[in-house]
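Look at it first, then read on.

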Amino acid sequence: MRKNIVAGNWKMNKDHEGALSLTSEVVHMAGDELTDDVTLVIIPPFPFLKPVSSLLPEESHVFLGAQNCHWENSGAFTGEVSASMLASIGVEYVVIGHSERREYFSETNEQLARKVDAVLNQGMIPIFCCGEPLEIREHGDPYQYVTKQLTESIFHLEENEMAKVVIAYEPIWAIGTGKTATSDQAQYMHAALRKHIEERYGKDLSSRISILYGGSCKPSNAPDLFSCEDVDGGLIGGASLSSRDFVDIAKSF
Ligand code: PGA
């Protein structure tokens, strides 16, 4: 059985007080309204990781995630944060290769492969993001584009490592735009990605990998998206800034 995961990527939003109140609300509502078969991940900006973690009950199914990390453990990399630092404060998931990192910070597939290694080496779970831009969706081959991202950044992993990876398919034209992929478009790409993983790692492993959808996912479209056979949850941006919307999305399975 694959895990159903709903992860809230706050991006560069909230202040200290706002981070604490949003977390408390999510933890409270999740405790009252969600069953154990949904894993929630809260992904705040770096300065709020530790304060947010102090609000997560030990026995809960709400976990802490970070938005990025460097591939080295330590060194002269001003402004960067290492995977070992994140692990040392209880982070369990790390988003790697978000399209905003790829676009605004020029992260390459090769660098992302090193980041995935760093996260796994620290015993954390990478949420590896992939997805095609609009021009590829309209005039190119989204499947080729996205499978190349997987091949170049995660297909060097051994089977036992790959089994830990979570994938987020996020068509770039749907991120923060209000344009969501239809459930047919999402299912088509998720099934294709799973097939691509199967070709490299076999059916058993590919059937155990959670593949999340991201891109303008909200309470109104989550039930349709999450009902797709190969969609195992969501990586949520804007809607994760509202506790009500975030938990409602998690109730959509
Ligand atoms: P969005 O962002 O939900 O605001 O579209 C998704 C993401 O960037 O992960």
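Q: Which residues lie nearest the centre of the largest pocket, and how many line it?
A: Lys11, Met12, Gln67, Arg101 and Phe105 lie nearest its centre, and 17 residues line the largest pocket. A lining residue has an atom within 4 Å of a pocket point. This is a predicted model: local features need pLDDT of at least 70, side-chain atom pairs count only at pLDDT 80 or more, and totals for chains, interfaces and linings use all residues. Residues are numbered from 1 along each chain as its sequence is written, and side-chain values use heavy atoms, without hydrogens and water.

Q: What makes a space a pocket and not a cavity?
A: On a 1 Å grid over the protein atoms alone, a cavity is a set of points where a 1.4 Å probe fits but cannot get out. A pocket is an open set with protein on both sides within 12 Å along at least five of seven lines. The largest pocket holds about 460 Å³.

Q: How many residues in the lining of the largest pocket are charged?
A: Four are charged, eight nonpolar and five polar. Asp, Glu, Lys and Arg count as charged, so Lys11 and Arg101 belong to that class.

Q: Which residues lie closest to the centre of the second largest pocket?
A: This pocket holds about 230 Å³. Closest to its centre are Lys11, Gly176, Ser216, Gly237 and Gly238. Its lining has nine polar, five nonpolar and three charged residues.

Notes:
Points joined across faces, edges and corners; volume = space filled by probe spheres on them.
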